Every structure is written in structure tokens, then in C-alpha cells.
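Please look over the model shown below before reading on. The paragraphs after it lead through the two chains step by step.

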Amino acid sequence: MTLAALVGLAIGWELLGRLDVSLFVPPLSRVAATWWQLLGDGTLARAAASSLASLAKGFVPAAALGVAVGLAMGRFAVVRHLLDGWVNALMSAPLSALVPVLIALFGVRDTVVAATVFMFSFFVVVVNTQTGVRATDRSLVDMARAFGAGEVALFGRIYLPAALPAVMLGLRLGAVQAVKGMVVGEMLISLVGLGERLIYYGNTFLITELYAVILSVLALALLIAQAAQAADRALVRWK
Amino acid sequence: MAAAERHVPATPPAPVAIAVESVSKAFGAVQALVDVDVRVRAGEFLSLIGPSGCGKTTLLKIVAGLVPADRGRVSVGERIVWGPGPECSVVFQDFALLPWGTVQRNVEFGLLLRGVEAGERAERARRAIAKVGLAGFEAAYPAQLSGGMQQRVGLARALAVSPRVLLMDEPFASIDEQTRRVFQDDLLRLWSEERKTVVLVTHSMEEAIYLSDRVVVLSPRPGRVHQVLDVPLPRPREAGDVRGTAEFARLVDGLWKILRKLQ
């Protein structure tokens, strides 16, 4: 079904491009040829390598810290009351508005892209983890305590596995957010990686190249979402 | 209570396994239990029954060490209860099985938390699983089992740690009638083999009479001990047709007359 829709879209695009309606709609076949060429001369690889490095540098800490903060907020009311307001405010704030602050903090280097990735993905991981912990079945906790479980055992053996489906959902959503943060960071602040290519080709009206990069970014986002889903399925087999 | 004990006949009474002395408990402004005194003898099967909200589950959780009493004292064997202890196992109304673990892992869970090493853990769990009649289901997940089978897993997990005291919180409440009767007989058989002290919370009068040596009736909130009923039905009950006897009907009816006045 999804495949049929994609094929239909591709054919429609190709036909529209062949009709030569606009400079901004080159035929898909030409975009594909350009993509192949950009791949061949190393342009895409260089840009993607820089982008992926920023993505990893931002998302890995966001995921690790997000799960830790989410667990603490889910388990301890004090931590929750302390951080709830901040998390909610920063989660619903338009994060692009924070870009000037990030520039001030990190300068205009690739570090700032990693920081943007972090900001975009951190909160959704925190909120989902917290929700998962708080939804833990009360009687599982009683059961473990009745067998003598202390705080550490409760965390590792009850709260964490019980929250795992929600944590994995948070990581999936976070990964998608991270890609958004990466593109925003690269386009609005630092001009590196795939984002820099998007700006460059856009400004110089190299529309075919622009589409080739856009499709690459989409493919990257899709790939990451798929990987996250596969990890989810592998870890949460019992659902 | 004290007066009644002085009239105990010449045979020495079984040692007290659980002593609940003047226990009171409030949740915020709601008084759940007031001055509750219960003594459970070693090897005895005792039921707690009473109207909804009389605090019978709270009392069980206090004995289990899961909920602290506000006043009074609870001891299990020689130990004063401050928290969960090694001589008690709890069976929960909603089974409380780890949905992410197999039957084997679930039954091993209590042993794992008590630091039993892997080989012995697996062996003891396998034996407990066989004891409750679930041999062959070790690799199944709880979601693949019926309610009755899930509770058998809960019972196996409780038995695997070899407790002296089994605390059961409405264990048959979410199980259908036919399954429940078979399960009750299996429980009686296990109990007569292992001679554990059992405290069972139930809202079923038939269940209380059928299983217990004594039934403690709690009054509605705030819960107090209203009356303690002896059940002189002969054992073993699981083999014959105890439910069909006039004596059984008379005891259930007597319990109903007490409870009806408490509503």
C-alpha cells in the first residue's frame, strides 16, 4: 500500500517534470541522476558525514540524559515538582527561538548543531520516560517489595522494564525530532553538513541538486525512524 | 480474646505464627483499622472477611510489611514487622506477574530478589511450577495464559521462596467459578502437604468456610474484629463433598447472618 502510493507519487512527479510546468519541478529522473552524481563526487557523503556526526553528538546525550531525568521525575515527586514546569515550557516553546541563545553559548561551529539536536530531542524522551514510569502497575511494585526489593532493584527490575515501551516510543519520537533539529541547526546557524547544501543550492537556484539533497534528508529521517522501530521491536517482544 | 485463650483445653495450643496487637491505621482522615487484635496459629488456615472497605486488604498488607501500622504491633514468628520479611509470601488479587517475563522468570523472581544463585533458582522454580500443575508452561508469557493459570504462576512464585506464611489477597476474585473450585481444592492439597500458615482475604463466604480453620469477621470502616468464627468441618475437605453437607450450609448461613447485620 505504502509502496503503491510512493510509486504513484514518483510517476506523477516525473510526468509533471516532463511537462516543464516550472523551473521548480524538475523531472524525478533528472533529480535521481543528479543525486547519483552528488553521491559519486563525494559531496553527499561529506555533507552527510558532518550531519550524522552532529546528530550522534546531540542525540546520544539527549537520549541517555533524557531517560535518566525521566526516570527520576517519574519516581520522585520532588524531582517532578522541581522540573515539571521547565520541561513543559521548553517542550512547547518554539525551539528555533532559542537559536540566538545557543549561538551565544556554543558559537557558530558544529557544536551548536549538536546542541540544537539535543534541544529538539531531549524533552520528548524525558516526558515519555516519565509517563512510562508513572504508569507502572502498583501491584508489581508491592510484589517486588514483598520479596525484599530495595530501591535499586525496584528501578532495575520493575520501573525500567515497565517503562521500556514508553521509553522506546520516546526515543523513536526523539530520533525524528533530532533530525529536525539537525537540519534547523545546519540551516539557521552553522551552515555545515546537509543543511548547508540545502541553503547553498536553494540560493543558487540549483533546483535539481536541491531536490537531491532534500530526498537524501528524507531518506535519512526514514532510515533512522526504521532503525528505532526495529530496536523497539527487538527490546519489547512481550507486547 | 485473652479470656477465650485461657479456656483452651489441655492439648497445648500450636505456637502463634502471626500476632497482630492493637493495630490501627488511618489513610489521611479515613480511619481504616482500629485496635485490631488477631492471632494466627502456626499451620492454621485463617480467613479475613468483611464488608467492602473494612480494611481487610490493608490488614494483610500490614502483616506483609508493605504498609506500616500507625499504632500497635505485628509480629511474624519471632520477628517484629517493620517491613517485608523472608518468612512471608504474598499472592495478589491481580496476580502481579511481570508481563515481560516467562512463567519460569516470574516464578524465579522472588528467589532472584532474595539472592538465590541462578542454578538453584531455576531448579526451585521448576519444582514450584510443577507443584501448581503448570509443568510444560515454563516458556509461556502471562498474556498467553488464562486468569486461573496466571494465578497459579502467582502461587508458584510465592511457594518457590519456601515461606512459612502465605498471605493471599482475594486470590480467586478474578477467576471464574469452575476454575476457582478446582484451584481451591489444589490449594487445600498443597496446604495439607506443606503445612504453611495461610491468611486469606476474601469476600466469598463459601470460600471462607470451605478453606478455613477460623474466619475473622471485620466490621465496616473503621475495621475492627467483630467476631471470630470456628469452622469445625472435618479435613481433608478437598476429597469429599463438603459443600453438599448440611453442616457446610449451616456454617455459611451463620456467617451470612453475621455479615448481613454489618452491612
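Helices (H or I, at least four residues) and strands (E, at least two) are DSSP runs, numbered from the N terminus. This is a predicted model, in which local features need pLDDT of at least 70 and side-chain atom pairs count only at pLDDT 80 or more, while totals for chains, interfaces and linings use all residues. Residues are numbered from 1 along each chain as its sequence is written, and chains are lettered from A and ligands numbered from 1 in the order in which they are written.

Consider chain B as a whole. Chain B contains 8 helices and 10 strands, and its C-alpha trace spans about 50 × 45 × 40 Å along the principal axes. The radius of gyration, taken over C-alpha atoms, is compared with a globule rule of 2.2 Å times the number of residues to the power 0.38. For 263 residues a compact globule would have a value near 18 Å, and chain B agrees because its own value is 18 Å. A residue is buried if 20 or more other C-beta atoms lie within 10 Å of its own, exposed if 12 or fewer, and partly exposed in between, with C-beta atoms placed from the backbone. Of the 263 residues in chain B, 41% are buried.

Several loops of chain B deserve attention. Phe95(B) lies in the loop between strand 6 and helix 3 of chain B, and has a positive phi of about 75 degrees although it is not a glycine. Phe95(B) counts as buried because it has 24 C-beta neighbours inside 10 Å. Arg195(B), in the loop between helix 6 (177–194) and strand 8 (197–201) of chain B, also is not a glycine and has a positive phi, near 50 degrees. Arg195(B), however, has 12 C-beta neighbours inside 10 Å and therefore counts as exposed. The peptide bond from Arg221(B) to Pro222(B) is cis, with omega near 0 degrees; Pro222(B) sits in the loop between strand 9 (214–218) and strand 10 (225–230) of chain B. Another cis peptide bond joins Arg235(B) and Pro236(B), and Pro236(B) belongs to the loop between strand 10 and helix 8 (246–262) of chain B.

In chain A, helix packing is the next topic. Axes are lines fitted to C-alpha atoms, for helices over the stretch in contact, and angles run from 0 to 180 degrees between N-to-C directions. Angles under 35 degrees count as roughly parallel, over 145 as roughly antiparallel, 65 to 115 as roughly perpendicular and the rest as oblique. The axes of helix 4 (residues 77–92) and helix 6 (residues 110–134) of chain A come within 9 Å and cross at roughly 130 degrees, and these two helices of chain A are therefore oblique to each other. Helix 2 (residues 28–40) and helix 10 (residues 207–235) of chain A come within 8 Å and cross at roughly 75 degrees, so helix 2 and helix 10 of chain A are roughly perpendicular.

How do the chains meet? Two residues are in contact if their C-beta atoms, placed from the backbone, lie within 7 Å. By this rule, 16 residues of chain B are in contact with 13 residues of chain A. Helix 3 (residues 103–113) of chain B gives the most to the side of chain B that touches chain A, namely 3 residues. Helix 3 of chain B is also among the elements that cover the buried residues of helix 7 of chain A. Those buried residues include Leu140(A) and Met143(A). Just after helix 7 of chain A, Gly148(A) takes a positive phi of about 95 degrees.
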